Number of protein chains: 2
Amino acid sequence: MAPGADHEGYGFDGPIDASTTVVVVGAGPSGLMLACNLARFGIEVILLDDRPDKTSTGKADGMQPKTIETFKQMRLADPLLRNAARVYDISFWQSTADKPLQRTGRQTHYPQHLVGASDPYILLAHQGMLEEVLIDDMESRGVFVTRNHKFVSCSRVEGSGQLHVTVEDLSTNKIKTIRTDYLVGCDGARSKVRTFIPNGELEGEITNASWGVLDGVIETNFPDLWSKVAVRSYTAGSILWIPRERGMTRLYVELSSADGERVDRAKATQEYVIARAREAMAPYTLEWKTVEWFGNYVVGQRVAKHFMDPDARIFIAGDACWPIPISGAGHCHSALAAQGANTSMHDSFNLAWKLNLVHRGLASPSLLSTYEEERRKIATDLISFDVEHCAAFEKGEDALTKNFDDNIRFIAGIGAEYTSGLLSARQTTSTPLQPGALQLPAKVTRYYDANPVDIQLDIPLLGQFKLYLFVPDIKASLNFLSTLCTGFSGSSPLGKLSYKANQSYVKQSRGTTPGDDFFQFQRYTAVSNALTFSMVTLSTRSEFELADLPPALQASRWTLYLDDVETPGCTEKWVGGLGKEEVGIAIVRPDGYIGSIDKWDLTAVEQAGKSIEEYFLFMLQ
Amino acid sequence: MAPGADHEGYGFDGPIDASTTVVVVGAGPSGLMLACNLARFGIEVILLDDRPDKTSTGKADGMQPKTIETFKQMRLADPLLRNAARVYDISFWQSTADKPLQRTGRQTHYPQHLVGASDPYILLAHQGMLEEVLIDDMESRGVFVTRNHKFVSCSRVEGSGQLHVTVEDLSTNKIKTIRTDYLVGCDGARSKVRTFIPNGELEGEITNASWGVLDGVIETNFPDLWSKVAVRSYTAGSILWIPRERGMTRLYVELSSADGERVDRAKATQEYVIARAREAMAPYTLEWKTVEWFGNYVVGQRVAKHFMDPDARIFIAGDACWPIPISGAGHCHSALAAQGANTSMHDSFNLAWKLNLVHRGLASPSLLSTYEEERRKIATDLISFDVEHCAAFEKGEDALTKNFDDNIRFIAGIGAEYTSGLLSARQTTSTPLQPGALQLPAKVTRYYDANPVDIQLDIPLLGQFKLYLFVPDIKASLNFLSTLCTGFSGSSPLGKLSYKANQSYVKQSRGTTPGDDFFQFQRYTAVSNALTFSMVTLSTRSEFELADLPPALQASRWTLYLDDVETPGCTEKWVGGLGKEEVGIAIVRPDGYIGSIDKWDLTAVEQAGKSIEEYFLFMLQ
């Protein structure tokens with residue numbers, strides 16, 4: 001299938017060198033996040049990369065709070081939290097015609113009252129460290145990166161939904177063919193896969209703004225070396241300082257502004273960038289003890305019109321969805337708010353569980369179209385924010401502060417919301433936490449072993465949904481719970497779904513590694529592989545015994561929580577105040593977004609059950 | 001040197017196969033903790049073990065809060081925190097003549113108001129996991145365990161303080177000789193090294209109490225499977241349940257009580273222990289899906305009279321200092337409160353930094369005698385506690401609860417205090433935190449990069465002391481700070497000590513691993529390798545700039561903290577309320593114990609300086 005609809009469907013009759021379920025092109029953060037999750041879900045994947053080796057320096061530089069949470073949920077955050085630098089604050093410096101360079105303000109980067117993240121900082125480590133964590137996990141589950149392999153083209157297999165993917169082995173220059181169900185291009189801003197998506201072209205602007213980027217160890221008498229610093233100098237443009245791991249600092253140095261004349265690329269050498277930085281930072285002195293990486297880029301603000309083909313077989317994710325950089329630095333948008341790798345990985349994170357469910361026949365293929373709906377909205381929001389952010393950066397502290405405050409939840413990754421579509425239910429009541437938003441962090445006590453846990457991290461990501469029952473008074477609610485649970489068992493639609501899911505994971509098990517043994521995943525799928533049952537209660541531990549509960553909740557003993565740690569507690573934060581005659585119910589998607597959340601009267605158990613069934617319609621056909 | 005003083009000092013004239021600074025015998029938790037710390041400090045060490053391989057199952061089972069803190073300070077806690085089980089609560093069950101088995105109470109294991117630990121739980125993982133963490137770190141610094149080597153004897157090298165250590169290579173049966181400055185026996189309850197310490201014999205009791213121990217995955221309808229559970233059955237003795245990693249449970253099953261008749265060892269089989277457990281737990285059913293380890297032991301409560309020889313060349317640590325077990329289980333005392341490995345590792349942790357300073361000539365050899373003073377007191381306290389604890393366990397819940405509450409800080413490892421000796425200074429004022437106690441956990445903000453940190457964990461353990469200045473008002477205290485810091489520079493006694501220490505670490509550098517690069521240790525030794533300077537202030541970040549501070553504090557920019565996170569804050573917790581005209585000063589030992597802590601008037605800078613110098617007298621000779 002060459003670009004354009006007129007070429008669709010031509011035949012292929014060469015030899016098949018391999019066949020798989022998903023071919024992922026590109027082993028950057030986005031491709032690795034996808035392949036790693038697919039490997040965990042037990043989906044066959046071939047991950048191709050045209051480079052001979054891993055990323056070792058530079059490139060993407062910061063993990064936002066939501067990304068840190070995602071890595072924690074995947075149980076992969078430890079080495080990054082241990083070794084990376086953390087930025088908690090931002091300081092503003094400015095020089096004007098009549099005033100030398102001085103600090104004009106300092107503020108917390110992610111204020112709790114605006115963001116409410118459990119990790120309210122940017123975590124800085126070079127992209128290679130982040131990639132290594134994903135590679136190690138993937139390899140421990142038996143999936144390896146196929147390096148030195150370049151994606152060439154793809155075509156549709158006649159009479160089936162499958163694709164033939166043509167690949168060049170760069171070490172032998174041989175062409176190979178892979179038969180696959182899905183193809184995902186995580187192949188960056190110049191994505192080749194994108195050209196096979198009808199109407200996949202980019203729309204938007206390339207600006208004249210250009211920046212130099214420099215990673216290294218700096219010796220300076222500038223006092224704010226270890227804050228994120230936004231500098232606006234009167235004579236030499238803007239500079240952004242970002243602290244990094246191993247004593248390094250990243251400097252973004254403005255070479256030309258969006259409304260100015262674009263700087264000649266030949267001029268934008270490392271020496272030029274250093275000289276410009278020194279000029280902007282005078283009278284402070286800057287000496288580089290080492291320079292680990294240098295790059296430069298022009299800011300583009302473009303988004304692909306489509307992230308997938310109409311048949312939901314070819315997808316793009318990450319940089320492939322956004323503008324083409326002019327330079328070699330690979331930056332597609334301004335990078336000043338450190339969004340790139342974060343949004344890229346969350347594209348993949350969104351796509352992975354959907355491919356898993358659809359491939360297993362546990363969800364209708366229509367689920368896949370929510371990928372483009374949801375992620376293209378985020379990409380568009382990101383570009384709009386980026387345009388405003390760059391403009392604010394030019395205008396100075398007040399504008400930048402306002403732009404930050406207005407967008408801080410979005411920057412943190414927490415404010416990326418999916419408010420419509422088949423995965424976001426309409427509410428019958430009003431709750432503080434809304435469908436389409438991320439789970440709110442909350443501390444609760446696990447009933448079974450009295451461990452205090454973070455509710456948003458506790459249940460492992462196994463490709464399953466989560467059903468949280470908020471029960472203020474267990475004794476009063478036993479009938480409700482019992483009726484509700486019975487409605488999900490045996491021959492009920494949800495009972496059948498669970499049976500089907502359980503069969504599917506027996507037939508094609510999740511990808512495991514010996515370390516998984518410590519996490520005892522069977523604790524979370526005892527009732528269903530489609531849905532983990534959970535209960536959050538305001539009753540105390542002494543007010544009930546396991547044996548009092550309906551069988552489905554007894555079997556879910558590891559996901560019963562006491563809401564006794566914080567004020568306001570989890571119940572209050574998620575569903576709001578509940579009377580003793582009420583129960584709250586939240587359905588959380590496999591990627592941690594709220595699907596449905598509502599309050600029910602104890603008398604309305606039938607409607608509550610029906611509403612849950614309705615949510616899962618796309619899985620019940 | 002054979003056992004007993006009469007054999008001391010005989011000559012040796014065979015070939016020397018190796019020479020080193022410290023020979024450690026035994027690669028269990030205690031020996032590994034010692035060798036790992038010595039490797040970090042840059043001290044040459046040979047670690048011998050007579051086993052062919054690592055510990056893979058069973059044995060010591062729980063890390064107490066203080067041990068978790070120690071591993072965090074060593075930056076080695078991550079894999080344990082990730083994979084081990086955590087016990088937060090304890091429940092009590094009892095059956096009597098007329099009442100069947102029932103829960104009689106449940107309580108938090110380490111209540112905050114009694115313990116105040118930052119990790120208020122027991123962390124359960126088999127000893128091999130803990131050992132592996134230490135081995136990996138040690139190996140990354142170039143020190144490996146010499147396996148299959150058995151300690152045979154040692155003798156003094158005439159005319160020098162050194163020792164000849166004779167070792168048998170068990171794979172070849174060849175005898176080898178190692179010349180060493182120090183020998184440390186971490187060779188367990190049946191320690192051979194102990195026999196070379198004059199008057200090193202054990203004193204105390206072996207009781208009739210015997211227990212069976214069983215690790216495995218249990219299927220049961222007993223509801224408290226995931227709490228620590230103390231069961232007292234009417235007909236079948238006592239049982240202690242402890243949850244473990246990978247879904248396992250450890251059961252301690254009482255076979256005979258201290259005042260009963262000791263059970264015949266031949267009878268104490270796995271089947272017998274299982275049958276007895278089932279009887280005690282009836283009517284609940286117990287099925288073992290797997291048994292990973294089985295052992296049994298008799299409770300002894302004995303302590304060696306000496307932990308070192310009078311010349312401070314031969315030491316014992318850990319189980320070697322305590323009673324001989326009768327069985328193969330290796331338990332030396334009751335183990336019911338999970339103290340063994342914890343106390344063992346803290347013996348070594350205490351000894352390691354002292355050996356480092358004395359070997360480098362940075363402290364007088366008299367420092368080594370504080371090892372026995374301090375650790376024998378803890379061992380004696382441990383045995384006394386153990387006697388009471390066993391008695392309380394027999395008496396039932398009320399007695400056990402009281403015994404727990406009385407000793408909970410000691411059990412946690414937090415209450416192990418060193419109140420006398422050359423390392424604990426007399427106070428001139430009264431402060432909440434006292435010399436001899438451990439640093440109190442407190443959250444503060446690092447001034448330089450606005451990161452919130454735990455003060456007790458933030459400064460890496462590099463064998464150095466820490467000097468904390470508590471300054472309520474920086475502007476008002478600048479003269480004091482400046483005068484005090486000047487008194488430590490150049491040709492002052494402490495200035496000379498720092499110079500000597502800096503020279504020592506240039507000549508013989510610390511043992512490093514590539515991962516250390518992320519921790520930038522030079523940040524903590526910029527002023528002195530003997531002492532990290534630190535300041536905790538109630539002034540806000542905007543009230544002072546780095547450039548305002550005296551040079552020693554400017555150079556200590558990574559250890560300036562704002563006391564703005566908690567109420568009560570660090571200042572309040574450590575030195576109590578301070579007036580604006582006062583400054584608090586604490587000296588913290590390399591192992592985290594408070595050496596000296598006092599309050600000073602701003603006018604008393606000379607006395608303050610003198611008191612610091614006095615503390616360090618043992619290093620200034």
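Trainee: How do the residues that line the second largest pocket divide into nonpolar, polar and charged?

Mentor: The classes come first: Ala, Val, Leu, Ile, Met, Phe, Trp, Tyr, Cys and Pro count as nonpolar, Asp, Glu, Lys and Arg as charged, and the others, Gly among them, as polar. In this predicted model, the lining of the second largest pocket holds 16 nonpolar, 12 polar and 19 charged residues. Residues are numbered from 1 along each chain as its sequence is written, while chains are lettered from A and ligands numbered from 1 in the order in which they are written. Local features need pLDDT of at least 70, side-chain atom pairs count only at pLDDT 80 or more, and totals for chains, interfaces and linings use all residues, with side-chain values using heavy atoms and leaving out hydrogens and water.

Trainee: What is a pocket, and what volume does the second largest pocket have?

Mentor: Rolling a probe the size of a water molecule over the atoms shows where empty space is left. On a 1 Å grid over the protein atoms alone, a cavity is a set of points where a 1.4 Å probe fits but cannot get out, whereas a pocket is an open set with protein on both sides within 12 Å along at least five of seven lines, and lining residues have an atom within 4 Å of a point. Grid points are joined across faces, edges and corners, and a volume is the space filled by probe spheres set on the points. For the second largest pocket that volume is about 1,300 Å³. It is lined by 47 residues, and those closest to its centre are A:Asp78, A:Pro79, A:Arg82, A:Asp136 and B:Pro79. Helices H3 (78-83) and H5 (127-140) of chain A, together with H3 (78-83) and H5 (127-140) of chain B, are the elements that each give two or more residues to this lining; here helices (H or I, at least four residues) and strands (E, at least two) are DSSP runs, numbered from the N terminus. The largest share, 7 residues, comes from H5(A).

Trainee: How many cavities of 30 Å³ or more are there, and which residues lie closest to the centre of the largest cavity?

Mentor: The count is 17 cavities, and the largest has a volume of about 170 Å³. Of its 17 lining residues, B:Thr343, B:His346, B:Arg375, B:Gly413 and B:Ala416 are the closest to the centre. H7(B) gives the most to this lining, with 5 residues, and the lining divides into 6 nonpolar, 8 polar and 3 charged residues. The second largest cavity, with a volume of about 140 Å³, has 16 lining residues, and A:Gln339, A:Thr343, A:His346, A:Gly413 and A:Ala416 lie nearest its centre.

Trainee: How many of the residues of chain A count as buried?

Mentor: Buried means under 20% relative accessible area, exposed over 50%, and partly exposed in between (1.4 Å probe, protein chains only). Of the 621 residues of chain A, 63% are buried. The secondary structure of this chain comes to 16 helices and 23 strands.

Trainee: Is B:Thr108 buried or partly exposed?

Mentor: B:Thr108 counts as partly exposed because its relative accessibility is 44%. This residue is found in strand S5 (residues 102-108) of chain B. Apart from neighbours within four places in sequence, B:Thr108 is in contact (heavy atoms within 4.5 Å) with B:Tyr88 and B:Asp89.
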